Each structure stands twice: as C-alpha cells, then as structure tokens.
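Work through the exercises below with the sequence and the model in view. Each task is followed by a solution in steps.

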Amino acid sequence: MSRVDVGEAITQAHHEEWARVVASLTRQFGDLDIAEEAAADAFATAVERWPADGVPPNPGGWLTTTARRKALDRIRRENKREDKQKQAQMMYDDDPPGSLGAVDDERLRLIFTCCHPALASEARVALTLRLVGGLTVPEIARAFLVQEATMGQRITRAKAKIKVARIPYRVPSAADLPGRVSGVLAVLYLVFNEGYLATGPDTDPVRYDLTAEAIRLARLLRALMPEDGEVTGLLALMLLIEARRAARVSVNGELVTLGEQDRGAWDAALVAEGHQLVRERLATGQAPGRYQIHAAINAVHTSARDARDTDWSQVVALYDQLFRLDPSPIVALNRAVAIAELDGPDVALAIIDRLQDELADYHAYVAARADFLRRLGRSEESRAAYDRAIALAGNTAETAYLTRRRDQLG
Amino acid sequence: MQYLVSVIDDAPSSATSDEMSEIDAFNEGLQASGHWVFAGGLGTPSTATVIDGRGAEAIFTDGPFVETKEWLSGFWIIEAPDLDVALKLAAEGSKACNRRVEVRPFL
C-alpha cells in the first residue's frame, strides 16, 4: 500500500472511528480526559505504525484496543492507587445493559453529554467538535477565531464540570429526549451556520471545514436516531444549503442571492439527497418540526430550475406553518421576504415595518428593508438602509453584495 | 451525591404565605422521595456579621462580606444520583419558592 493510501486510510479511520473510540473508552474508564488522550495516542500510533506494518484488517478494533492499552498504561504510569482510580470514575451511568433498545450506541451518550443543557453553548460546541468530531483544539480555536489557550481552557473547564457536577453519561429518558435532541441539533446548526455565514473581516466568507463537519455529525446522528424527524430535517436542511455553496459566492467574493445564482452550479447529488430526505419525512404523515419545515422550504427553492419558476405560494404556506410553531420576528421577516415575491414589496414592507422594534439592529432585517425600498423606487431611503446594513453585516461576501447594491442605486 | 440548591433573592421580603405552602409541599415531596437532606431560610444580608478569627482576638464586623444586588436567601441540600435529577428537583424548588435557584455539587 502506498503512503498516500495509508494516509487516506488513517483519515477515513479518524472520521469513522474517533467518536466510537472516545465513547467506548469513556464508558469503560468513566473519564473523558483519559478517553480523549488515549484516543489521540492511538491515532498517533496508527500514523507511526500503519505505513510500515500496513493498515490492520479491522482499523476500528485495532484503534480501540490500542487506545485501551494506552489508557491503562497512563493510569499505571501515574501510579494511581485503587481508590484514586475509583475516584476518577465519577461519570455516572446507571443504565442496565441493553435498556436503551435501538438507540444504544455509546456515541449517543457522548453526544448528549457534550451537548448537556447545563454547559454553556460555546462549551457544548467546542466539546462536541473535540470529543465527537475529533477536531484538535488548535483547529477548533481557529474555526471560532479565539486563542488556542482560551479554547483549551473552555474545553478543560467543561470537562471538569461534567465530572464534578456529575453530568450523566447516558441517553436521556424518553420524556426528556425531544428537548435534549433539539439541544444537540442546535449545536450542530450553530457549527453549520458559523461555517455558512462566517463572521469577521479576515475569514473566508464560507468555511467549508465547518459546514462539512456539521453535516458529518448530522449524518452520524441520523444513523443513530433514524426515526427522529427533526434529526432528518436538519440533515436535509444542511444538504440543501450546502448544495448551493459553489453558486453562493461569486469569483470576486460577493454574495450571490438565491434569485441570481447559477443553478447549474448547484451540487445535484446533494440536492437529490436532500429532496429524498424531505420526501421521506412527508411520507410519515407526522407533523413536522422547525427543521423539517425549513428543509421543505429549501426543497421548494431547489426544485425550481429557474428562479422565476419558484412556487412562492408554497414557500409562503410553509412559512405560515413555521410561524405557527415559532412565532419569532426572524420567521416573520423571512416570511415577508417570500410575500414580497408573491404580493409585491409594498405589502412586504408594511409587514416588516411592524418588526422594527425587535429587529432594528439585525443586519438581515435592514438589508431586506433596503431591498424592498429599492424595488419601490424609494432610492434615498434605500441608500440609508443599505448604509446601515453594511455597517451591521459581519460577513465579507455579504458586505460586498450590499455595497454593490447600494452603489447601483440611481 | 449531594447538591446545594441556593435560592437567589433580590428584594428583602420573605416568602408569601402562598409561597410558603408551595415550599412545604415541595419539602414533603423531597422527604417522601428520599432526596431530602436539609433546608433552611436565611435572614437578609443586613443581618449578617463577618468574623475574622485568624488573629489573637476575633474581630466582628457588621454586614455581609460583599455587597451584591442578589444574595442567598435560603437553600436546600438534596441527595441526587446525578445532575439531571438535581436539575429537575431544582426546577420544582424554583417554582415552589417563586425565585431563581442555583445548583452546585458538593465535592
């Protein structure tokens, strides 16, 4: 096997096995630190040994065994006495084996622990990317534009809280599951959005590493919880957004709106997969949650070969459904953008005027206002709104787009 | 595993009689389910005295050791197998006493 092939095998094993190794070691040793370090040691050993010894027939098994040996070595090396070892095993896990039925996968325990509601949102994101996603601390620090030491501390503090406050290592009970799943989905969506609309003057407008990681984690979650409609909904939503990535930013780094995108540049395979998932959820006949409705809206958009063929009445109907579930000003704003296509910008402007108090400082609100005013020929008001939207927007591609629009005003 | 559930207050008024009866009912539930360890209400910070007994003679100072907008007005110590159970009980306690509470593990 060539060096390149071995490298690919290691990357693939890292993607497929990292979470499994960390999860099973955490279960065995009751300690996230030991599990994390031993997993990292095992992969480092693979990098050393596989090029010479060849890739083992069962890479996952090899990695778990190696990690387990590393963990035992470490515990022995640190000369922990019996009672100390017991003390380290503080993670609480009282499930009798087999009590979880279909969803009994140790990786799920790991995911729910990393996304526990008692942890700060940024800590959940960092822990999930490190322990489930296998990203290194420097990678995560770079992704969120914070110092490595800060990110390291964030992760260390979160792990300490899990241990000392005894955040359990288990899948939540059926009664708590919907709320806890939505917490996990929020973490994945946050990672995706940070990649999709990266903020900061010095970052790329789209951070492919983060969107790809969020999709990978959503695929894992769907494999573990295939019956959960919202898990499938979020994956479908991410795929349908990701499918448009190449068309979304122009060669000169400017945001291209949905209506102006070259639809031939969309990733047809991702669109097809997203549509398939949306159809799968529709076929269940169950009432959809937020992510499923968002996915359905994106399915309508990606079904139109030309922007002019978009079924706007369907889009508005879906936003109506979403608004009944989540009557937030942001949903009202997005609904108004669709209304503008169906009933005209004057109707939409009247709707969003009522959102002024809540959304005055939200860049997407101000940008939508600028757009409606422009289409109504109210150039001066539009220019002022564009100025303000440019000041509020944090994404470089969006700023470039808004600036061009403003400068094109007559 | 024991947790301290602190009751956070920001106005120097004691619990109303409605709140007291809710708290009593919650306490009885804690005792019946085996989660009860101890609980109590505290006087306002203005009733506090700070003591420094590290020198030859103890020094007594009137008032809380730090002035804050929010303070501890009472607490529960509960027995719970893990944080999930503690959070659930703390949520019920918060509802009963009609105040925010904070959960911290004992080491």
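**Exercise 1. Describe the salt bridge between R404(A) and E254(A) and say which parts of the chain it ties together.**

Step 1. The side chains of R404(A) and E254(A) form a salt bridge with an N to O distance of 2.4 Å. A salt bridge here is a side-chain nitrogen of Lys or Arg within 4 Å of a carboxyl oxygen of Asp or Glu.

Step 2. R404(A) belongs to helix α21 (residues 396-407) of chain A, while E254(A) sits in the loop between α12 (245-248) and α13 (268-284) of chain A, so the pair ties together parts that are 150 residues apart in sequence. Helices (H or I, at least four residues) and strands (E, at least two) are DSSP runs, numbered from the N terminus.

Step 3. R404(A) has a relative accessible area of 28% and is partly exposed, whereas E254(A), at 14%, is buried. Buried means under 20% relative accessible area, exposed over 50%, and partly exposed in between (1.4 Å probe, protein chains only).

The model is predicted: local features need pLDDT of at least 70 and side-chain atom pairs count only at pLDDT 80 or more, while totals for chains, interfaces and linings use all residues. Residues are numbered from 1 along each chain as its sequence is written, chains are lettered from A and ligands numbered from 1 in the order in which they are written, and side-chain values use heavy atoms, with hydrogens and water left out.

**Exercise 2. Describe the interface of chain A and chain B.**

Step 1. Count the residues. Chain A brings 11 residues into contact with 10 residues of chain B, where contact means heavy atoms within 4.5 Å.

Step 2. Take the area. The size of an interface is often given as the accessible area lost when the parts come together. The two chains bury about 880 Å² between them, with 57% of this on carbon and sulfur atoms. Buried area is the accessible area (1.4 Å probe) that two parts lose on being put together, summed over both.

Step 3. List the salt bridges. The rule finds 4 across this interface. R170(A) meets D82(B) in a salt bridge at 2.8 Å, N to O. R170(A) also forms a salt bridge with D84(B), at 3.9 Å. D84(B) lies in helix α2 (residues 83-97) of chain B and R170(A) in the loop between α8 (148-164) and α9 (177-196) of chain A, so this pair joins two chains. D84(B) is buried at 18% relative accessibility, and R170(A) is buried at 14%.

**Exercise 3. How many helices and strands does chain B have, and what pattern do they follow?**

Step 1. Chain B has 2 helices and 6 strands.

Step 2. Along the sequence, the pattern of chain B is β-α-β-β-β-β-α-β.

Step 3. Of the 107 residues in chain B, 28% are buried.

Step 4. The C-alpha atoms of chain B fill a box of roughly 45 × 35 × 20 Å along the principal axes.
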